[in-house]
Amino acid sequence: HITEEELKRQVLPKLLITNQREQGHQLANEWGVFRLAKFAGIDLEKKGIKLPTDLYFKYQFSKTDLNVQPHGNRSIGLLNKGCNALLIDDYADKGWKEVLEHILKSHINLHSSKLEALTTFEAADSYQDYESKDIVFLDLRLKPEEDRASETLPLEDLSGLKLLCKIKEINKGIQVIILTASNKAWNMKALLDAGADGYFIKESPEIPVSDDASKANYESLIDSIKDAFERRYLRDVFNEIKTLKSDLDAKAKSMALQKSFAEELKKYLDLGFSSFASKEAQFSFDSAFTYFFLGLELISKELIDEDNPTEINGDFFHEFRRTGSKLKFMKEV
């Protein structure tokens with residue numbers, strides 16, 4: 001008879017058990033959720049999520065340090081109302097939904113966090129309610145053939161990236177965090193360049209990492225979620241700008257406003273939002289303010305009669321007052 005500790009230290013390291021699964025990311029999807037659950041402090045088996053039964057998984061799981069100290073509840077009160085999130089992952093019902101929902105309730109809103117889940121690319125592609133979500137968790141590979149293909153498919157052909165581009169086309173302010181089994185640095189950069197607001201790497205026993213590295217990966221996810229909630233106002237700013245641009249196009253088409261004025265103001269609005277939303281620029285808010293202020297100056301030039309500076313251009317003001325009511329948000333910014 002030997003103790004469990006002796007088993008781990010003296011016997012398991014001497015065993016050689018290989019992975020008999022088909023190459024792909026299934027293992028990372030199954031392993032990663034249980035690894036993340038340890039740090040999040042949730043017992044997935046009590047939630048009805050069973051450990052995979054193959055010997056390789058059991059072996060690797062037994063070798064893992066089970067003495068990880070889970071993080072407790074650290075809600076920072078980012079929301080005064082319910083948290084409304086969406087998970088798009090073909091493994092959502094394998095524990096990812098339970099873990100992410102637990103994290104949201106532990107770190108964002110203790111009482112009313114809701115996580116909706118979609119498990120197919122087709123369901124996500126036809127989904128109509130993205131703009132109601134405070135945050136979207138999006139798996140990079142949603143189709144079985146992408147999982148089997150491992151790293152051979154170009155990044156731009158992956159279903160998750162296609163959905164990311166579609167979501168950002170709907171509203172660039174929607175916060176999207178990518179879930180991926182890839183740890184390739186160039187993939188991460190490409191995802192961020194495509195508009196992703198953060199990413200989380202699903203761990204795999206085939207690329208073992210230390211507990212400290214796993215803890216850092218977990219904390220990086222928490223930071224990404226917090227950052228996304230702090231930036232969720234961008235969704236509303238984008239909608240304000242989108243509505244204003246549509247109004248400007250309509251007025252220009254009806255000749256109520258000069259087309260050159262409408263196009264120049266739209267340019268300032270786009271530049272302002274891009275600066276506002278930038279996470280890389282050191283002075284993004286300063287730049288956004290400058291572009292929005294240039295837009296206000298442009299409006300002022302159109303409103304004021306240059307021949308008589310004390311007079312307002314009545315025709316322009318009458319037409320623009322209805323269109324320009326949306327500009328009040330720029331003053332608030």
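I count rings of Phe, Tyr and Trp (its six-membered ring) as a pair if their centres lie within 6.5 Å; planes under 30 degrees apart are stacked, over 60 edge-to-face, the rest tilted.

I searched the whole structure and got 13 aromatic pairs. I took F34 and F57 to begin with. Their ring centres are 6.3 Å apart and the planes stand at 75 degrees, so I logged the pair as edge-to-face. F34 belongs to helix α2 (residues 26-40) and F57 to helix α3 (residues 55-63), so this pair ties together parts 23 residues apart in sequence. Helices here are DSSP runs (H or I, at least four residues), numbered from the N terminus.

The model is predicted: local features need pLDDT of at least 70, side-chain atom pairs pLDDT 80 or more, while totals for chains, interfaces and linings use all residues. Residues are numbered from 1 along each chain as its sequence is written, and side-chain values use heavy atoms, without hydrogens and water.

Next I checked accessibility (buried under 20% relative accessible area, exposed over 50%, partly exposed in between; 1.4 Å probe, protein chains only). F34 is buried at 7%. F57 is buried too, at 1%.

I then looked up F289 and F293. Their centres are 5.9 Å apart with planes at 25 degrees, so this pair is stacked. Both sit in helix α12 (residues 284-303), four residues apart, about one turn. F293 is partly exposed at 40%.

Back to F34 and F57: they form one aromatic cluster with W31 and F61.

Last, charges over rings (NZ of Lys or CZ of Arg within 6 Å of the ring centre and within 35 degrees of the ring normal). I found the charged end of K38 over the ring of F61, 4.4 Å from its centre. K202 lies over the face of W96, 4.6 Å from the ring centre.

Key. Helices (H or I, at least four residues) and strands (E, at least two) are DSSP runs, numbered from the N terminus.
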